[in-house]
Amino acid sequence: MAALLVALSGFVAAMLFVIGLKRMSSPVTASHGIVLAGIGMLLAVIASFGYLADVDEAARPHLATNLGLSFLALALGGILAWRSGRKVAVTGMPQMVALYNGMGGGSAAALAAVELLRGGHTGGSLHLSVTALGALIGSISLSGSVIAWAKLDGRINKPWRFAGQRALNGLVFACALAIGVFLVMCPSVSIVWPTLFFVAALTFGVLMTLPIGGADMPVVISLYNAFTGLAVGLEGFALQNPALMIAGMVVGSAGTLLTFMMARAMNRSLANVLFSNFGESAATGDVEVAGRMTSVDPSDAAVSMRYASSVIIVPGYGLAVAQAQARLYELVKLLQAADVDVKFAIHPVAGRMPGHMNVLLAEAGVPYDLIFDMEDINDSFPATDVALVIGANDVVNPAARSDKGSPIYGMPILDVDKAHQAYVIKRGQGKGYAGVENLLFYQDNCDMVYGDAQIVLTKMVQAIKDLAA
């Protein structure tokens, strides 16, 4: 009876995962989807204790100790997650997501480690092969996600590249794979071999992530999310746990699809993201920069938007850094009160993680019907009076269309340059992650508004209020 209840609970938990993930696909239902998935996870955790009913006699003396450790781990993990989740700023969200991705992969690797250290006595070669594969993928996700976190958090500021790097990476991966095959074929071996296996797998995750530039971090985070899902699914198969299998497969497939979609949004293959030195060159390529950059005061840009018929706002990471999303929405409400049609345009790789800008705007309370994806709004720019860019760079650079020598050539961009007038809020004249000049900034229909986004938007809000006074 206990086994039946555990299996039924696992099935219900898996269905809640699937339904929750489906509802997360829309901003309108995302919060409800998160709650459903959370309930599913809680149910899966509770159901896992049902396996204790089938514990054999040899393990019963250790039951109390294992239960104590389990509850201690749940308490510590729950407290830490609750505190970090409540305290993290939107600018720190990508780092937290990277760490949580890594923890998922690490958990799967830890489960696999137990099986490998036991010599695979609970199953045959297929069982051990799946376990070893899950251990490899989970370990790579763990160490790679930690490096991604360090890059996003500013602890590692530059990509780490050297001659022969790809050959070294390939050698380390081959060693991990070879040792994994050896463990499957000869399970009852010294603890040294499983240890070497995990060291090689973890090292490869580090080496794989170190050379990747900051501009590619959204794709990398999505990739490691897929890795974690796949590792969890494989370990679910090894443990014969349907909830883990279904949850892992759903997360793995969704993460894989998102990874390829984001790579396509940059007009690059996944191999190019992982193995190229994107952004290493600071040259603009074949196109010579023409014109000059001009700047205006925040009040002048605000007045122009106040008397426009339509405005499209393009948020970027600079908005998140300045924590100016609330001030931006205040500006939007003032424009709407003056009968200005205001929309937001979101590029798929804006920010530091998938959906970063959507989360940022949602935190400020921006209605979902004002937010549009790139493919849904790009055709509107030629008929738009004013486009306001806040902290974005490469995703609005026309060099992606015209400069064949540019590292961003071919990447779909938001067509800000086609608006009648564009204003760009930017701290200074620095380049984006790709290391190339932004041709938009030199066009006749573009003016820069220099300064921190929080300060600039505050001045814009005040300027519009003064007009109504």
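Is K158 buried or exposed? K158 is exposed, because its relative accessible area of 65% lies over the 50% cut-off. The model described here is a predicted one.

## The loop between α5 and α6

K158 is found in the loop that links α5 and α6. Along the chain, K158 and L210 are 52 residues apart, and their C-alpha atoms are separated by 8.6 Å. R155 is another residue found in the loop between α5 and α6. With a relative accessibility of 56%, R155 counts as exposed. Once neighbours within four places in sequence are left aside, R155 is in contact with W149 and A150.

Helix α7 covers residues 192-209. At 1.5 Å a residue, its 18 residues should span 26 Å, and the end C-alpha atoms are 26 Å apart, which agrees with that expectation. The buried residues of α7 are P194, F197, F198, A200, A201, F204, G205, L207, M208 and T209. In an α-helix there are 3.6 residues a turn, so residues three or four places apart point the same way. Among the elements that cover the buried residues of α7 are α4 (93-117), α5 (125-152) and α6 (165-185). The covering elements also include α8 (217-239) and α10 (270-275).

V199 belongs to helix α7 as well. V199 counts as partly exposed, because its relative accessibility of 47% falls between the 20% and 50% cut-offs. In sequence, V199 and S139 are 60 residues apart, while the C-alpha to C-alpha distance in space is 8.8 Å.

For α8, the 23 residues should span 33 Å at 1.5 Å a residue; the end C-alpha atoms are 32 Å apart, in agreement with this. Of the 23 residues of α8, 17 are buried, so the helix is largely enclosed by the rest of the structure. T228 is buried, because its relative accessible area is 9% and the cut-off is under 20%. Not counting residues up to four places away in sequence, T228 touches N101, G104, G105 and S141.

## Residues with positive phi

Most residues other than glycine have a negative phi.

| Residue | Location | Phi |
|---|---|---|
| Q240 | just after α8 | about 55° |
| Q323 | loop between α12 (317-322) and α13 | about 50° |

Q323 is partly exposed, with a relative accessible area of 33%. D339 is exposed, and its relative accessible area is 70%. Between D339 and W160 there are 179 residues of separation in sequence and 51 Å in space, C-alpha to C-alpha.

## Cavity and ring contacts

How many cavities of 30 Å³ or more are there? The count comes to 1 cavity. About 70 Å³ of space lies in the largest cavity. The residues that line the largest cavity are V6, A7, G10, A44, A47, S48, Y51, N241, P242 and A243. At least two residues of this lining come from each of α1 (2-23), α2 (30-48) and α9 (242-265).

Turning to the aromatic rings, the count comes to 6 aromatic pairs. A charge is also placed over a ring: the charged end of R306 sits over the ring of Y307, at 4.7 Å from the ring centre.

Definitions and conventions: Residues numbered from 1 in each chain as written. Predicted model: local features only at pLDDT ≥ 70, side-chain atom pairs only at ≥ 80, totals over all residues. Heavy atoms only, no water. Helix = DSSP H or I, 4+ residues; strand = E, 2+ residues; numbered from the N terminus. Expected span 1.5 Å × (residues − 1). Buried < 20%, exposed > 50% of the residue type's maximum accessible area, 1.4 Å probe, protein only. Contact = heavy atoms within 4.5 Å. Phe/Tyr/Trp six-rings, centres within 6.5 Å; stacked < 30°, edge-to-face > 60°. Lys NZ or Arg CZ within 6 Å of the ring centre and 35° of its normal. 1 Å grid on protein atoms, 1.4 Å probe; cavity = no way out; pocket = protein on both sides within 12 Å on 5 of 7 lines; lining within 4 Å. Points joined across faces, edges and corners; volume = space filled by probe spheres on them.
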